[in-house]
Amino acid sequence: AQDAATGGPALLIRNATVHTAGPQGTLQGADVLVRGNTIAQVGTGLAAPAGAQVVDAEGRPLSPTLFGGITGIGIEEVSGEQSTVDNRVGLGGEGMDVRPEFDVTLAYNPESVLIPVTRTEGIGWTLLGASSGQGGSIIGGQGAVVRLDGSLDPAGPKLLFVDLGSDAARLSGNSRAAQWMLLDQLVDEARGRIAPDSHAAMLTPAGRKALGSFLDGSGRIVVNVDRASDIRQLLRWSADKGVKVAVSGGAEAWKLGAELASADVPVFVDPLANLPAGFDQVGATLENAARLAAAGVEVGFTQSGDASHNARKVRQLAGNAVANGLPWEDGLAALTSVPAEAFGVDTVVGAIAPGKRADLVLWSGDPLDAASVALQVWMDGRPIEMESRQTRLRDRYLRPQVPAAQGGLPRAYPAADAPRR
């Protein structure tokens, strides 16, 4: 249906449990009116525009589309096939190659087969992360938020990615301490304290300009770091340099809850990080998110494993955090409003409120319960097809259209009336 006021589709979702992920909180029996690609009203008893599509939610949960974490969706198709992986740079040569101007969003493929797989699970946007390969540096490069709506361009500003700690020591002469030395020199270069033609200069002219755009509070740097002492040093460094940061990983961040809250640093944790995976994660705990939130830290979620191909599992992560003490509303915020604000897209996504994009999910039950499923996803107010390569393969083998006796594919499972052995 076309909305006469906007020329776009009109949609009214009635009688939903609306998790706004905003100041209104959760509204029972509420309606959401969409005009064009934008949410127009949220309330009760809303009138449907002439010709609008009306959906009765029957009291089911309605949420914004969820944040899929920091991933390589659209820039990482097959992890084991290097020609399909575009999220890291290592130009080789002697020494360390520092390229903050490297921008992974230029390789983003909105037709990636991972997108429908992720989107049908209620995930509507993700942050493309950048990292370094052999010959690279602790400066991974730039990424940005992309909406999984088929758009080619990022939905928000660029962010710079930095790796610190023991996992990144191979990129800094096998020294954790050298990471701070390198960061200080790079900042001095970007601020003009080291001449471009100096024998010690590490940045290209484009690199100086790129790094400079993230200094003095002009942009946010996402730092992958786990150990508490490294995070404490990061807080000192960012305050001294006037740099706005966010922490990704943060296995031991709970030890510095008050300091992180005071510095207004959001932390994106993996709630399943419990046992030490290395010496930087000795203090890992399932209560990390809960303790950080109790200290006043803005907490978000991201996966430390195969995040691109399993982005849908981020809901399970949120549920585990809630099961270990995080308030439910904070668990939802960690997948909606917190990452939206931290990564500069809160005017577009992250909440159900007038003026936001109409990226919505109707759920069968609690969105943070792995047993619930997305019944329908809307992007820009338009219903997407709730199928992907995975669902098509499932249906192809589960219920073949042509019987096996007539040359069709065999059933994946025996028919209900077939004898069991």
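Tutor: Let's start with a definition: buried means under 20% relative accessible area, exposed means over 50%, and partly exposed is in between (1.4 Å probe, protein chains only). This is a predicted model, where local features need pLDDT of at least 70, side-chain atom pairs count only at pLDDT 80 or more, and totals for chains, interfaces and linings use all residues. Residues are numbered from 1 along each chain as its sequence is written, and side-chain values use heavy atoms, with hydrogens and water left out.

Student: Okay, is Asn174 buried or exposed?

Tutor: First find Asn174: it sits in the loop between strand 12 (159-163) and helix 2 (177-190). Helices (H or I, at least four residues) and strands (E, at least two) are DSSP runs, numbered from the N terminus. The relative accessible area of Asn174 is 67%, so Asn174 is exposed.

Student: And what is the phi of Asn174?

Tutor: Most residues other than glycine have a negative phi. Asn174 is not a glycine, yet its phi is positive, at about 60°.

Student: What about Asn15, where is that one?

Tutor: Asn15 also has a positive phi, near 55°, without being a glycine. Its relative accessible area is 35%, so Asn15 counts as partly exposed. As for its place, Asn15 lies in strand 1 (residues 10-19).

Student: Is Ser172 buried or exposed?

Tutor: Ser172 belongs to the loop between strand 12 and helix 2. Leaving aside neighbours within four places in sequence, Ser172 is in contact (heavy atoms within 4.5 Å) with Ile138, Ala178, Gln179 and Leu182. With a relative accessibility of 4%, Ser172 is buried.

Student: Which residue has its backbone oxygen 2.9 Å from a polar atom of the Ser172 side chain?

Tutor: Here we want a polar contact, a pair of N or O atoms within 3.5 Å; within protein, one must be able to donate a hydrogen and the other to accept it, and residues adjacent in sequence count only if both atoms are side-chain atoms. The backbone oxygen at 2.9 Å from the Ser172 side chain belongs to Ser175.

Student: How far apart are the C-alpha atoms of Ser172 and Ser137?

Tutor: Along the chain, these two are 35 residues apart.

Student: Now sheets! What is the strand order in the open sheet of six strands?

Tutor: Two strands pair if DSSP finds at least two bridges between them. The pairing in this sheet is mixed, and its order is 10-12-13-14-15-16. The edge strands, each pairing on one side only, are strand 10 and strand 16 (299-301).

Student: Why do the buried residues of helix 3 line one face?

Tutor: In helix 3 (residues 205-212), Gly207, Arg208, Ala210 and Leu211 are buried. The arc is that of the directions from the helix axis to the C-beta atoms. Seen down the axis of helix 3, the buried residues line one face because they fall within an arc of 165°.

Student: Which residues of helix 3 are exposed on the other side?

Tutor: The cover over the buried residues of helix 3 includes strand 10 (139-143), strand 12 and helix 2. On the other side of helix 3, the exposed residues are Pro205 and Lys209.

Student: Last one: which residue's backbone nitrogen does the side chain of Thr391 reach?

Tutor: Thr391 is in helix 10 (residues 389-398). It is buried, with a relative accessible area of 16%. At 2.7 Å, the side chain of Thr391 reaches the backbone nitrogen of Ser388.
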